[in-house]
Amino acid sequence: MSSTPARLLVVDDEPSMLDMLTLLFADEGYAVETARSTEEARRVLALGGLDLVLCDIMMPDGNGLDLLREIKTSNPDAPVIMMTAYTSTKSAIDAMKLGAYDYISKPFDVDELKIIVQKALERAELVDENVYLKKALEKKYTFNNIIGRSARMQAIFSLIERIARTASTVLIQGESGTGKELIARAIHYASPRAANRILAINCGALPETLLESELFGHERGAFTGAVREKKGLFQEANRGTLFLDEIGEMSLTMQVKLLRALQERKIRKVGGNAEESVDVRVIAATNQNLEERIAKGDFREDLFYRINVIPIQLPPLRQRREDIPLLVDFFLQKYCEEMNLSPRQISIDAMRMLEGYDWPGNVRELENMIERTLALAHSDTITTKDMPVQLLTHRKSHAEIVSLPEEGLDLEAYLEDIRAQLMVQALERTGGVQTQAAELLGMSFRSFRYYAKKAGLKGGADSDDE
Ligand SMILES: Nc1ncnc2c1ncn2[C@@H]1O[C@H](COP(=O)(O)OP(=O)(O)OP(=O)(O)O)[C@@H](O)[C@H]1O
Ligand SMILES: [Mg+2]
């Protein structure tokens, strides 16, 4: 970045000033361009490639502040330093408001000017480098717009790359809002099928007969209302991908029909006799625990094995908290652009709060929260004050954000709350076994039971013994 000399533009109507500054900065190793009028300056600026502009405010053919305004829109990263013949505070303030890096009053001390220029260039380079590093980082932790630096997400990205080439059926399991559909689309677009379509259907949203005709099509007159022949999604997605969302909701009868289609790679329209071969990759998703559904007899085991060729388990967001800051940045950028807002920042405390929250709605909840917060926030920086209430009351751990509110607090209730939250976490970790949860917290089983009851926590697996 610093191998080529920095290019400076000096704008001043006084020839002696231009000569002096050219000599001064050439001596410092910079490449110097000059302009004697705002018009001439515009011509040089249009050529681009400038690293810094030094500009007089009073020009015979116009105002240096207008030029500054133009530079800030056409070339926002180049620092601009304004020079003014009079110590006019008003124009100096105007210049700073318009985004000037600094200003200097004539007559000035050349050493002072040299330092200002050097600092401005250093800072510009730093800004540049930050943008560059951030981009590189984003790229590293992004797979087709899916963000994830956590080891578990990185493992999923590499799995997607490996399985994209195959036509094997994929089963994506994960809580609501974890990104199942996003992953399904990424698999399709990373595959040789990307040139063809990916079609999606929510198996839970349609009654059985309709779902069957949606999937396999129907012949004319197959049922009342079937006024013309219709292709099914399996035919429409031929040579592409079919995404069967909420597969756990499918009725047992439909499960049999789907199993047949998957095994034989042939389908039969509703009301038809002929079989048709199809070449479709199926990706199924569910937020239910299919093994549990099998145990209850609600889901066919044979279908499960047929679709679970490549299982992908998407972890809930609370189990990959290290992804939260990247996701927040990503959504901030996305929604600022969408809402035409200048880039927004988030305070460290607010980010901590987001990292500490449990996100029952996972990434979708985080995304919605950022969108809503941006729409309501008043300033360029989002602070804890802008956070919705559930984040203030349901945060995971108070330990990292202990601070005494201005209005004071009820310490007993506060500590009770912390105890209850830690007990919930201990129960989660031990699969609901209270004896182990008590041990994890260094509590006797007796007092664990006492406080669990007091806090109204659900009984664990062993709550009935003793
Ligand atoms: N890792 C991620 N990076 C960026 N955006 C994500 C990520 N995961 C999810 N999202 C976004 O979150 C939202 C929810 O994702 P998606 O619809 O894929 O979830 P889902 O698991 O299918 O949820 P549901 O079970 O409720 O259908 C989408 O807007 C998606 O773009
Ligand atoms: Mg979904």
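Author: What follows covers pockets and cavities. This is a predicted model: local features need pLDDT of at least 70 and side-chain atom pairs 80 or more, while totals for chains, interfaces and linings use all residues. Residues are numbered from 1 along each chain as written, chains are lettered from A and ligands numbered from 1 in written order, and side-chain values use heavy atoms, without hydrogens or water.

Reader: What volume does the largest pocket have?
Author: About 670 Å³. A pocket is an open set of 1 Å grid points with protein on both sides within 12 Å along at least five of seven lines; a cavity is a set where a 1.4 Å probe fits but cannot get out. Volume is the space filled by probe spheres on the joined points.

Reader: Which residues lie nearest the centre of that pocket?
Author: Asp-51, Ala-120, Leu-121, Ala-124 and Glu-125, out of 27 lining residues (lining: an atom within 4 Å of a point).

Reader: Which helix gives the most to the lining?
Author: Helix α5, residues 110-140, with nine residues (DSSP runs: helices at least four residues, strands at least two). The pocket lining as a whole has 13 nonpolar, six polar and eight charged residues.

Reader: Cavities now. How many are 30 Å³ or more?
Author: Three. The largest cavity holds about 80 Å³ of space.

Reader: What lines the largest cavity?
Author: Its lining includes Ala-167, Thr-169, Phe-234, Arg-265 and Arg-306. Helix α10 (252-264) and strand β17 (281-286) each supply at least two lining residues.

Reader: How does that lining split by class?
Author: Seven nonpolar, one polar and three charged. Asp, Glu, Lys and Arg count as charged, and Gly as polar.
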